[in-house]
Amino acid sequence: MEDVCAKFVSQKVSKARWRPLPAAALQPPDVFATGSWDNEDNRISIWSVGDLGNVGLSGEYQGEPQLLCDIRHNGDVMDMQFLDQERIVVASSTGNVTIFRHHQNNQTLSANQRWEKAHYHVDRDASCGGAACTGVICSNPEIVTVGEDGRINLFRADQKDAVRTIDNADSSTLHAVTFLRTTEILTVNSIGQLKIWDLRQQRNEPSQIFSLTGDRVPLHCVDRHPNQQHIVATGGQDGMLSIWDIRQGTMPVSLLNAHEAEMWEVHFHPSNPDHLFTCSEDGSLWHWDTSTSVSEKPSFLHQGGRSTTYFSHNTINQSVVSAWLSNDPTKDRMEITNLIPNQTLSVNSLDILGPCLVYGTDAEAIYVNRHLFA
Amino acid sequence: MEEPDAEPPLMVVPGVDSAARQLCFEWGPAEMLVCETLFGGRGGGEGRPSSSCVFVVRKDQDIYIQTLRKLFNESHGIFIGLQRSEEEFAGKSRKTQLVQVSKNYRSVIRACMEDMHQAAVSARDPALHSQYSTQVSILSAMELIWNLCEILFVEAAVAGPLLLRLLDWVRLHVCDVDNMVREVLSSENPSKHELFWNVVDVFVLQGRMDEARHLLSKEASANPTSVNMCRILDDLMKKMPVPSLGNTQTLTEMELKWQHWHEECQRYLQDGTFASNSHMESICKILLGDENAILEKKELMTTWYHFLVTRLLYSHPTVKPMELRFYAQSSMDLFLGGESSPEPLDTILMAAFEFELHQVIKECSIALSNWWFVAHLTDLLDHCKLLQSHNLYFGSNMREFLLLEYASGLFSHYSLWQLGVDYFDHCPEYGRVYLELHIERIPLNTEQKALKVLRICEQRQMHEQVRSICKIMAMKALRNNRLGSALSWSIRAKDAAFATLISDRFLKDYCEKGCFSDLDLIDNLGPSMLLSDRLTFLGKYREFHRLYGEKRFSEAAKLLLMLMTAHIAPCSFWMTLLTDALPLLEQKEVIFSAEQTYELMRCLEDLTAGKSDKQKFQDDDVETMKVEMLRLALARNLARVIVKEGTLEGS
């Protein structure tokens with residue numbers, strides 16, 4: 001664990017996100033953004049873990065994240081996504097959705113565009129009528145937000161008004177959203193349902209509803225397999241990880257006992273989807289590795305260079321399918337490691353890109369691991 | 001009650017004229033509300049505007065300092081680690097472990113001090129700068145006290161090593177001289193520097209012999225006349241016996257060697273070897289432990305405890321812990337010389353040297369503006385089993401009392417409340433009650449925060465608080481017209497009464513609009529439907545609609561009848577249910593059997609018979625017409641079913 005460096009930031013961290021890399025980049029990511037919650041004065045901050053730290057005269061430990069700039073944010077930061085290299089979309093507990101721009105030449109942040117009270121309860125104009133916006137997902141230039149008011153908004157970064165709004169899309173609180181395909185989104189709610197919405201259809205109804213049976217345990221997070229779009233992972237209030245195959249059935253393919261409390265985020269590794277990461281209120285962060293069960297197969301990362309892999313492509317695909325979708329315990333050789341040894345307070349957010357992991361906690365610290373697979 | 005030892009300090013609330021106005025106050029868990037009660041006469045005769053402000057007076061001010069949040073969070077982790085490590089090791093390794101914990105605490109204080117120092121340096125506003133500087137000095141005093149307590153209580157160093165530890169302590173904290181040393185050493189010709197001898201003295205006073213000898217060699221090479229003197233002094237310094245950390249030599253051995261060396265120094269002084277150089281002569285006197293010679297260097301030592309340690313080094317190197325108090329007291333008296341009275345820091349250190357643990361904690365509580373220090377120090381000392389005998393005449397014991405105070409302070413903070421929870425957990429007697437009282441008072445602005453608070457309560461089986469939080473959230477959702485959310489919250493709290501209330505709202509909405517809202521929720525109630533009768537009815541009634549929509553008429557009819565005969569449906573809703581039966585009665589094929597039709601008729605008669613004639617008269621025409629239509633439909637259905645059942649049996 002020597003590779004992990006921590007920094008106490010004097011604010012409870014609710015979200016941490018790597019800045020996406022330009023398409024041709026070879027270097028690992030070096031800039032990330034964090035958002036805080038439950039402070040009197042909440043902030044969006046941009047941090048650098050790159051070589052910039054070496055230049056610093058203060059002689060600080062080189063790996064420690066350095067604050068590049070920050071800006072005040074009205075309300076708790078509920079969710080945050082990079083729209084592109086410069087712009088961050090932030091969801092607020094006041095119901096506002098704001099795009100912040102990071103000016104890299106002079107290291108400042110400014111509010112670029114704001115949709116006031118994109119989420120609201122009965123009366124939008126009342127001073128406290130806003131409802132917390134709980135989730136945001138973007139696929140430039142489109143931005144989808146969900147909130148405690150059960151509403152789904154579709155924005156375009158360049159348009160002042162919402163492109164589409166589904167009022168009362170859900171009778172309970174929507175906790176998270178992600179893109180399934182370019183026109184379809186997935187939402188999870190507080191009564192254990194996973195819904196697919198097709199934004200092309202004018203009907204204000206989900207095209208499909210999946211649900212956990214029995215106890216209706218609220219779902220808090222959702223992520224889709226980056227290559228195989230039918231595989232979806234969700235995390236629930238009881239800390240359970242559910243894997244769904246949205247091509248079949250209405251129930252999860254497998255339920256994996258995981259954390260002891262709310263699972264706040266789940267992420268497939270974007271380029272190495274045999275690896276999955278989850279974090280929880282109980283203060284733990286787990287790395288789920290299914291690559292060991294099919295150790296023979298070449299990694300996707302080096303696929304292009306070898307012609308032999310081409311022939312076995314079909315079998316590779318199958319083995320990956322079985323990795324996440326098999327619920328046969330004898331075959332299941334998933335390796336699970338807890339990345340935080342002395343857990344105390346909640347790990348609210350994590351993000352992975354390349355070999356780098358960043359996570360933020362309620363103990364007001366951010367942690368960066370730059371050699372995840374070392 | 002015990003009499004307070006010190007007069008309570010007077011606190012002026014800015015903005016309040018306490019001389020001219022009356023004040024009232026109200027205690028809170030960690031803060032106090034103050035407001036004025038005397039207002040000017042009608043029309044403001046005095047011409048002074050009477051203020052209508054309410055002031056919040058906080059007890060633990062340091063909680064609100066931004067830079068210190070790092071201290072609170074990082075030490076929280078150490079604290080938890082210490083509680084978990086409980087009794088893992090025994091004897092010596094346990095002590096090593098506790099010393100390590102103590103060092104961790106100190107390094108957190110130091111890190112925080114550095115941050116604060118950086119902030120002070122970069123602060124442009126002079127007021128801010130002085131505020132930060134004050135904080136730096138407070139933190140440095142805290143670290144100084146902690147370090148001394150670590151040596152005396154946690155590590156409990158014995159004669160011999162004790163002196164070495166004290167020397168380290170002084171070297172670490174008397175760092176005003178470091179700049180001077182750097183200046184001299186970086187000059188072109190150190191031995192000609194005007195502060196040269198000061199630096200040598202500093203090294204000698206702090207027992208840094210190697211560095212002192214290094215400087216002396218520079219003097220020797222620069223000044224040929226004093227080569228001989230330098231060589232002798234250097235030799236004395238080299239030969240000076242020091243207590244060893246290991247068990248390689250016994251105390252008597254050490255004392256013998258030391259006696260021998262002392263006599264040698266004495267000889268050189270008496271035969272006037274250093275008479276021609278006053279600097280070297282005074283150093284030799286210091287080596288001999290001459291109090292006056294040491295006191296002459298007062299400016300270089302800056303504090304009485306430096307004087308104490310230097311004096312011990314050169315006159316009582318094998319001092320035992322219990323003898324410290326005498327030397328400490330006399331050193332302070334000699335050093336201050338009646339010129340100035342001891343400051344709070346001096347009193348605290350003196351109490352530590354006297355091994356008056358409780359006095360140390362008490363003085364610290366009075367002098368410092370935070371509970372962090374005393375709470376953590378006391379907890380650590382308690383783990384060293386040093387505080388067991390002491391019980392307070394209130395509360396449980398001192399450790400718990402201080403932890404409770406500290407945690408209450410955390411809870412009064414807008415965002416540090418989460419840390420407080422773990423501290424309460426480790427207060428066996430009153431922790432739980434405190435937590436129960438505090439946790440209910442946390443403002444819940446988002447569902448996510450509510451979930452976090454709820455998780456804290458559920459982990460500790462605090463059912464009452466769970467119910468109350470869910471109820472608050474359900475009420476909020478209801479006010480925002482989010483019936484689905486409200487129902488979810490009341491199901492989570494297993495709050496039957498509230499679930500009934502919300503179910504009624506759903507049914508009322510249905511009666512008004514003719515369709516259900518929030519179908520995704522109602523269709524998926526599952527076993528939670530059994531929480532309240534009304535909720536069961538809501539779920540079943542919706543099921544009826546679904547069956548009807550799917551054209552499964554006979555199942556729908558059976559369910560509808562069951563809702564009334566089993567008294568699941570509230571009486572007020574029977575009319576609606578009977579009206580729902582109308583289209584079923586009018587279907588082409590016969591759905592209700594004869595027996596079922598009789599049951600329906602009985603239900604209708606029960607409903608109408610229950611009402612007095614007067615009420616009936618008042619009912620509008622629509623209602624009477626409905627009843628008439630139902631009677632007609634029931635009669636026709638009965639006729640058809642008798643024929644049908646008759647033919648079926650006959651054939």
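This is a predicted model: local features need pLDDT of at least 70, side-chain atom pairs count only at pLDDT 80 or more; totals for chains, interfaces and linings use all residues.
Me: Why is B:H413 called buried?
Reply: The word buried applies under 20% relative accessible area, and B:H413 has a relative accessible area of 7%, so the residue is called buried. B:H413 lies in the loop between α18 (398-412) and α19 (417-425) of chain B, and, not counting residues up to four places away in sequence, it touches B:I63, B:Y64 and B:R69.

Me: What does the side chain of B:H413 reach, and what makes that a polar contact?
Reply: The side chain of B:H413 reaches the backbone nitrogen of B:S415 at 2.9 Å. A polar contact needs N or O atoms within 3.5 Å, one able to donate a hydrogen and the other to accept it, and the distance of 2.9 Å for B:H413 and B:S415 is within that limit.

Me: How do you know whether B:V56 is buried, exposed or partly exposed?
Reply: Buried means under 20% and exposed over 50%, with partly exposed in between; B:V56 stands at 47% relative accessibility and therefore counts as partly exposed. The residue belongs to strand β3 (residues 54-58) of chain B, and together with B:L33 and B:V54 it makes a nonpolar surface patch of about 260 Å².

Me: What is the area buried between chain B and chain A, and how many residues does the contact take from each chain?
Reply: The size of an interface is often given as the accessible area lost when the parts come together. Here the area buried between chain B and chain A is about 3,500 Å², with 46% of it coming from carbon and sulfur atoms, and the contact takes 39 residues from chain B and 44 residues from chain A. Of the area that chain B buries against chain A, 18% is supplied by B:K452, B:R455 and B:R482, more than by any other three residues.

Me: What makes the pair A:E281 and B:K452 a salt bridge?
Reply: The rule asks for a side-chain nitrogen of Lys or Arg within 4 Å of a carboxyl oxygen of Asp or Glu, and the closest N and O atoms of A:E281 and B:K452 are 3.1 Å apart, so the pair forms a salt bridge. Across the interface of chain B and chain A the rule finds five salt bridges, and the count of residue pairs in polar contact between the two chains is 29. The elements that give two or more residues to the side of chain B that touches chain A are α1 (69-84), α19, α21 (447-459), α23 (483-492) and α25 (519-522) of chain B, and the largest share, seven residues, comes from α1(B).

Me: Why can the salt bridge between B:R213 and B:D234 be said to tie together parts of chain B?
Reply: The closest N and O atoms of B:R213 and B:D234 are 2.9 Å apart. B:R213 lies in helix α7 (residues 209-222) and B:D234 in helix α8 (residues 227-239) of chain B, so the pair ties together parts that are 21 residues apart in sequence. B:D234, at 22% relative accessibility, counts as partly exposed.

Me: Why does B:R467 count as partly exposed?
Reply: Its relative accessibility is 38%, a value between the 20% and 50% cut-offs, so B:R467 counts as partly exposed. The residue is in helix α22 (residues 463-479) of chain B, and, leaving aside neighbours within four places in sequence, B:R467 is in contact with B:A493 and B:D495.

Note on methods: Residues are numbered from 1 along each chain as its sequence is written. Chains are lettered from A and ligands numbered from 1 in the order in which they are written. Side-chain values use heavy atoms; hydrogens and water are left out. Helices (H or I, at least four residues) and strands (E, at least two) are DSSP runs, numbered from the N terminus. Buried means under 20% relative accessible area, exposed over 50%, partly exposed in between (1.4 Å probe, protein chains only). Contact means heavy atoms within 4.5 Å. Patches are made of residues with over 30% relative accessible area and no salt bridge: like charges are joined within 9 Å, nonpolar side chains (Val, Leu, Ile, Met, Phe, Trp, Tyr) within 5 Å. Accessible areas come from the Shrake-Rupley method with a 1.4 Å probe; for residues, only the protein chains shown count as cover. Buried area is the accessible area (1.4 Å probe) that two parts lose on being put together, summed over both.
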